[in-house]
Amino acid sequence: MLTRYVIRRIAVGFVQLFFLIVVVFFLIRLLPADPVSRFVGLNPSVEAYALAERNLGLDRPVMVQLGHYLGLLPSEGKGLLQGHLGTSWVTGSLVATEISRALPVTLELLTLAFFSALLISVPVGMIAALRPGGWADKGVFVYSLFAGSQPEFWWALLFVHLFFFTLGVAPAPLGILSPLTTAPPVVTGFVTVDSLLAGRPEVFLEALHHFMLPVATMVFILSGPIIKMVRQNMVRALSSDFVLYARCAGLSRRRVALYALRAAMAPSITIIGILYGFMLGGAVLIESVFSLGGLGQYAIRSILAFDYPAIQGVILVITAISLLVYLALDLIHAFIDPRVTF
Amino acid sequence: MTTFKQIAQVSLIAIVSATAAQAQDLLFLAEDVPAGLNYDGPAAAIPTSQTGMVNVMEPLFDYATNPVNETGLITPDFNTFEGRLVESWSFDEATLTWTLNLRQGVKGCDGATFNADDVLYTFARGKSVSGAAPIGWFLSNVGSIANFTADVFGDESARPLGDEVTKIDEFTVAIRQSEPNALFLPVLTIFGLYMFDKELMDANSTADDPWAHDYTNNVNVPSFGPYCVESWTKDNEFILSANEDYYRGAPAIKRVVMKKVPQSSNRLVILRSGQAQLVQALTPREYDSLKGADGISVGGVLGNENLFVHMNFDVEPFDNPLIRKAVALSIPTQLIIDIAYFGEATAWKGHVPSSYPGYSESATQYDYDPDGARALLAEAGFPGGDGLDAYAEAFQLTYVSEKETTLGPIVNAISTAMREIGFPVTLNPIPQTQYGDRQLVKRDLPFAVNDQEKPIGVDAGYATQLFFVSPESGGLNNMVNYRNVILDEIWAKARVEPDNAKRDAMLVEIQDILMDDVVWAPIVEYTSQWAYSDNLKGMQWHPDNSIRFFDLSFE
């Protein structure tokens, strides 16, 4: 039953992806600028413009461009069907290569940040719910107002100034590794993993040190909504019939709290999953402040340069990952909540 | 516990090693790293890509240098050319042929030696117009090298290199011009005609890509420059190591790490912490904040960067010279120098960078004069701005939104001053690419502030052909649609005038016309600046604004 559900979801995901690809393909061509102009900056003659337009394939009818992009015209070259995302108009590199370099950085940042945020937010949300009006509850209220009212780049710059420049406990915002450190050979693309695979614990520690501030910034921003969500759901769960029954049955306070937490986690997991998908492209400001070179930064650079193949590639990858995250969420839901069936 | 100790020991060793390595390394923080190293490729117009190219490649010619300026920077002497890969040269006026005697014993990073084949390869590649943006062809065309005409775009048979560039012997090359043109030597100093190493380029070409565009876009650019590419991760870092065989001597700095740090404020704090030794692309306010900081120097030069107001001759009411003059008189130049550039700018009195050969300051000037502007408005039939509301759309002052930090105060100062006079100015920030499209291709920007036009060809004539000659007469980037038959005729004569004194006189005449017609409303020339550690010496300005690491050394 579960297998059929997963297969059905993946099939629907492919249909969604296809329609998204087509819509994005046409939408970016409605952007109010001509990407060719960027190529001819030093040489804006009519002949050079025509040459650049031909090189980009923009001189062909738009449906031919779409067919080429989708890979339906093998005579024109490879396309999506052949696993080819295209070549960046800014760098001349394969979009797939560039995304494979940027994506692991973002996934590593988000995974570390969400894992840390969960470790902090779930217990705090629980405590706040178990003792409404207590110090933890009041603290959460004040923190949520405080953290949520400022943009993340402002916090990031403040943290850099405080922890790097003033206190000197954090490394300079120069990316995942110091520029003078030789990176481990790329196996997975995740520096923390690759450094361990290469038997270089010093690089692993350095990467964790460099992730410290960006992760702290993200945890600071993300914890607010997660704590609120956990707290609200815990309060609701604690007032539900099954918890009242558990209390009446004389179960320990700890055990009742764990039952309530399990019920509260299902909707909380949903918001965490949505936040994860959103932050794939939305961590751009954090990536920018800490010079991480992740997917968000790549997306912004591509959009500003009207780099159609790169924009299409980023959207395709983010959508595909989001679909997988949502699928995983559904499966986790089923695991947590026995009422869910497929 | 033992494992923890081992990790700590390894970490300590790594830190000590890194510190030792740092003794000769330069950490240079920039807004980006090279997106490509192919000057005929898609990334050629990106300044940080040019920085990569000029440090790995080598020109045939360059300029001699002036003494150090008051801020500690060395500047080029644009009146004196020096051979780089060319040891000596001669010009035969009868045949318009340059004979270049090439330097012998020049070695690239792979040990390959430079010879005439590399020169022929470089020009053949340019003429192939096979890249995304054919800069090599363009510069050869600007320098009037024979047969580098627009025919190559439509006629494939016109693309192979012919007798315009010929090999006399292994170290002698002859290049023929189609007409006398003083821009021949200046274009050969520009990065878009730096020399390739034919051997390695051929080794990295494919049947689909015979001119190795993929390789130079993504991996390396084989040449004979002072540095070799050690590693390159786009969007992240670009590491160079010294070419110990470099013909002008091994570079003093053995390793350069160019690191992308997108936030200028972060570049600033890392420099202040002492971890980086050189940064670029700070805002004027940030450079100003570093003046007097311990251990840090801020060097700058009034080179070729400037700011002007663009008014489109094809859009009403800017087709009216009285309106253009009124606008020019409305601009509070000194206020802009004070609030936007913190004193690091000076009023611009012409249409060409004042440091360029051939620049002339016209007698006609447009100093800030609100009363004069009001009088001109009234004379144009719009007393107090009455009636200008009909042109409200034309008075949207467009600027690049990514430059908000720098241009924001400027456009606010201009719009405030102009509104007081009666112009219905509103602000219109748009993205860089959209701005470029409307400026270069559509040429439909009615009214804009522009701080990004620096002619890389160091010559008033080059600037004239680039910006002010009508498209019908060979103008290339005439963004305001200015057309003046008299100016076109003067330039047509000046372009082929072999006598420099006569040519300069004609360029003076052209610049007087430009000021009289208010083709642009020039505002300021601003200082190109860098901030660096006190112990970094040898900073030199080049017209492409790219730092040559070979110039630098640690004290």
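# Briefing: chains A and B of a predicted model

In this structure, 52 residues of chain A are in contact with 55 residues of chain B, where two residues are in contact if their C-beta atoms, placed from the backbone, lie within 7 Å. This is a predicted model, in which local features need pLDDT of at least 70 and side-chain atom pairs count only at pLDDT 80 or more, while totals for chains, interfaces and linings use all residues. Residues are numbered from 1 along each chain as its sequence is written, and chains are lettered from A and ligands numbered from 1 in the order in which they are written.

**Where chain A meets chain B**

- On the side of chain A that touches chain B, the elements giving two or more residues include helix 2 (36-39), helix 3 (46-56), helix 5 (95-130) and helix 7 of chain A; helices (H or I, at least four residues) and strands (E, at least two) are DSSP runs, numbered from the N terminus.
- Helix 3 of chain A gives the most to this side, with 7 residues.
- The residues on the side of chain A that touches chain B divide into 32 nonpolar, 15 polar and 5 charged, where Ala, Val, Leu, Ile, Met, Phe, Trp, Tyr, Cys and Pro count as nonpolar, Asp, Glu, Lys and Arg as charged, and the others, Gly among them, as polar.

**One helix pair between the chains**

- Helix 7 (residues 152-166) of chain A packs with helix 9 (residues 264-273) of chain B at an angle of about 5 degrees, and their axes are 11 Å apart; axes are lines fitted to C-alpha atoms, for helices over the stretch in contact, and angles run from 0 to 180 degrees between N-to-C directions.
- Helix 7 of chain A and helix 9 of chain B are therefore roughly parallel to each other, since angles under 35 degrees count as roughly parallel, over 145 as roughly antiparallel, 65 to 115 as roughly perpendicular and the rest as oblique.
- The contact is made by A:Leu157, A:Val160, A:His161, A:Phe164 and A:Phe165 of helix 7 of chain A, together with B:Ser265, B:Asn266, B:Val269 and B:Ser273 of helix 9 of chain B.
- By class, the residues of this contact are 5 nonpolar, 4 polar and no charged.

**Chain A on its own**

- Chain A has 14 helices and 0 strands, and its C-alpha atoms fill a box of roughly 85 × 55 × 40 Å, taken along the principal axes.
- Of the 342 residues in chain A, 42% are buried; a residue is buried if 20 or more other C-beta atoms lie within 10 Å of its own, exposed if 12 or fewer, and partly exposed in between, with C-beta atoms placed from the backbone.
- Helix 10 (residues 241-248) of chain A is hardly covered, as the count of buried residues among its 8 residues is 0, and just after this helix A:Gly250 takes a positive phi of about 85 degrees.

**The domains of chain B**

- Chain B is divided into domain 1 (27-257 + 530-554) and domain 2 (306-526), with bounds that come from an automatic or database domain assignment.
- The centres of domain 1 and domain 2 of chain B, taken over C-alpha atoms, are separated by 32 Å, and 14 residues of domain 1 are in contact with 13 residues of domain 2.
- The side of domain 1 of chain B that touches domain 2 of chain B has 9 nonpolar, 2 polar and 3 charged residues.

**Strands of chain B**

- An open sheet in chain B is formed by 4 strands in the order 4-5-7-6, with antiparallel pairing; two strands pair if DSSP finds at least two bridges between them.
- Its edge strands, each of which pairs on one side only, are strand 4 (86-92) and strand 6 (165-169) of chain B.
- Strand 5 (residues 97-102) and strand 7 (residues 172-176) of chain B run antiparallel and are joined by 5 bridges, and the bridge partner of B:Trp98 in strand 7 is B:Ile175.
- Helix 3 (residues 116-127) of chain B lies across strand 5, strand 6 and strand 7 of chain B, and runs at about 175 degrees to strand 6 of chain B.

**A buried loop residue in chain B**

- B:Val480 lies in the loop between helix 16 (460-467) and helix 17 (485-495) of chain B, and B:Val480 is buried, with 24 other C-beta atoms within 10 Å.
- Leaving aside neighbours within four places in sequence, B:Val480 is in contact with B:His310, B:Met311, B:Asn312, B:Phe313, B:Val519 and B:Trp520.
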